[in-house]
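Dear colleague,

Please find it just below, followed by some notes on what turned up.

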Amino acid sequence: MGKITILQGDPSAGKTAVACSLAALVSTGGDLCGHPCKQRPVLMLSYEDDQPTLRGRLESNGANVEQVFFCDKTKLEEMKQDGEESVLTFNDPRIEEMIKE
């Protein structure tokens, strides 16, 4: 909790499936490998999938989508300052801005 987690892997390896499953668990609260998990808000940032796609996958995993906040490539582009690169880095101020939002 309270950490940035990155899932990286080959296409179709199941990254989004794992992320949606974990996000659903955190958004509703429950048991994670024998450890209780309190209900908390989730920020999902995806460069590959848009919000409607992620929302559908989260709903199919039983997520409380009212607790899930989305940021996709389109939103990142909108947040970009003139002259900034599109690439997102670990210390990108847009990440902090999204968390505060």
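**Notes on the structure**

Once its neighbours within four places in sequence are set aside, Pro36 is in contact (heavy atoms within 4.5 Å) with Gly30 and Asp31. Please bear in mind that this is a predicted model, in which local features need pLDDT of at least 70 and side-chain atom pairs count only at pLDDT 80 or more, while totals for chains, interfaces and linings use all residues. Residues are numbered from 1 along each chain as its sequence is written, and side-chain values use heavy atoms, with hydrogens and water left out.

Pro36 belongs to strand β2, residues 35-37 (strands are DSSP runs of E, at least two residues, and helices runs of H or I, at least four, numbered from the N terminus). Pro36 counts as exposed because its relative accessibility is 76%, where exposed means over 50% relative accessible area, buried under 20%, and partly exposed in between, with a 1.4 Å probe and protein chains only. Although 14 residues separate Pro36 from Asp50 in sequence, the two are 30 Å apart in space, C-alpha to C-alpha.

Leu32, in strand β1 (residues 30-32), counts as partly exposed, because its relative accessibility is 35%.

Best wishes
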